Amino acid sequence: QVQFVESGGGLVQPGGSLRLSCAASGFSLASYNIGWFRQAPGMEREGVACVSAYDSSTFYADSMKGRFTISRNNAKNSVYLKINSLKTEDTGVYYCAARGGANYGTSIDFCGGDNWSYWGQGNQVTVSS
């Protein structure tokens, strides 16, 4: 069975930190580019951060740089998104996704396109005091 299971969401106060995780089963993340996406209330899904399969290069949306960190642990077949200094506007549903390890560029465009093979189930993050 192919699974991509998210965890780590929840309610967090502004200024706090959170780490989201996605764990893969049935396929090896080492061979896949991985992305994190966010869908805020009333807004379209946007790419947050991506990491390449080739050399673990990371790419961030401009507004995410500095506070968001994507990382991968191939030994654990997992990917993470660490968010620091959370803001209320970070509220939304966060999704992990995976696709084959082709080169998609050197910018947040690395997260672009609609050919992602696997998606996590979504992880609600609510930032509120």
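Predicted model: local features only at pLDDT ≥ 70, side-chain atom pairs only at ≥ 80, totals over all residues.
Buried means under 20% relative accessible area, exposed over 50%, and partly exposed in between (1.4 Å probe, protein chains only).

Residues are numbered from 1 along each chain as its sequence is written, and side-chain values use heavy atoms, with hydrogens and water left out.

**View 1. Aspartate 62 and lysine 65 form a salt bridge.** A salt bridge is a side-chain nitrogen of Lys or Arg within 4 Å of a carboxyl oxygen of Asp or Glu. Here the closest N and O atoms are 3.3 Å apart. Aspartate 62 is exposed, with a relative accessible area of 64%. The structure holds 4 salt bridges. Those that share partners join Arg38, Glu46, Arg67 and Asp90 into one network.

**View 2. Arginine 38 meets glutamate 46 and aspartate 90.** Arginine 38 lies in strand 4, residues 32–39. Helices (H or I, at least four residues) and strands (E, at least two) are DSSP runs, numbered from the N terminus. Arginine 38 is buried, at 7% relative accessibility. Its salt bridge to glutamate 46 spans 2.9 Å, N to O. Glutamate 46 is partly exposed, at 29%. The salt bridge from arginine 38 to aspartate 90 spans 3.2 Å, N to O. Arginine 38 is in strand 4 and aspartate 90 in the loop between strand 8 and strand 9, so this pair ties together parts that are 52 residues apart in sequence. Aspartate 90 is buried, with a relative accessible area of 2%. The side chains of arginine 38 and aspartate 90 also make a polar contact of 3.2 Å. A polar contact is a pair of N or O atoms within 3.5 Å; within protein, one must be able to donate a hydrogen and the other to accept it, and residues adjacent in sequence count only if both atoms are side-chain atoms.

**View 3. The surroundings of arginine 38.** Contact means heavy atoms within 4.5 Å. Neighbours within four places in sequence are left aside. Among the residues in contact with arginine 38 are Arg45, Val48, Met64, Phe68, Glu89 and Tyr94.

**View 4. Glutamate 6 is buried yet has no salt bridge.** Glutamate 6 sits in strand 1, residues 3–7. The nearest side chain of opposite charge, arginine 45, is 9.9 Å away. For charge, Lys and Arg count as positive and Asp and Glu as negative; His and the chain ends are not counted. Backbone nitrogens meet the side chain of glutamate 6. One of its polar atoms lies 3.1 Å from the backbone nitrogen of cysteine 96. A polar atom of this side chain also lies 3.0 Å from the backbone nitrogen of glycine 122. Beyond four places in sequence, glutamate 6 has contacts that include Ser21, Trp36, Tyr95 and Gln121.

**View 5. Strand 3 pairs with strand 1 and with strand 8.** Two strands pair if DSSP finds at least two bridges between them. Strand 1 and strand 3 are antiparallel, over 5 bridges. Glutamate 6 has cysteine 22 of strand 3 as its bridge partner. Strand 3 and strand 8 also run antiparallel, joined by 6 bridges. In strand 8, valine 79 stands opposite cysteine 22.

**View 6. The largest nonpolar core has 28 residues.** A nonpolar core is a set of buried Ala, Val, Leu, Ile, Met, Phe, Trp, Tyr and Cys residues joined through side-chain atoms within 4.5 Å. Phe4, Trp36, Leu81 and Tyr94 have the most contacts inside this core. Elements that give it two or more residues include strand 4, strand 9 (92–100) and strand 11 (123–127). Strand 3 supplies the largest share, 4 residues. A second, separate core of 7 residues includes Cys50, Phe59, Cys111 and Trp116. In soluble globular proteins, nonpolar side chains tend to be buried together.

**View 7. Serine 56 and asparagine 77 have positive phi.** Serine 56 has a phi of about 60°, although it is not a glycine. It lies in the loop between strand 5 (46–51) and strand 6 (58–60). Serine 56 is partly exposed, at 36%. For asparagine 77, phi is near 55°. Asparagine 77 belongs to the loop between strand 7 (68–73) and strand 8 (78–83). Asparagine 77 is buried, with a relative accessible area of 15%.
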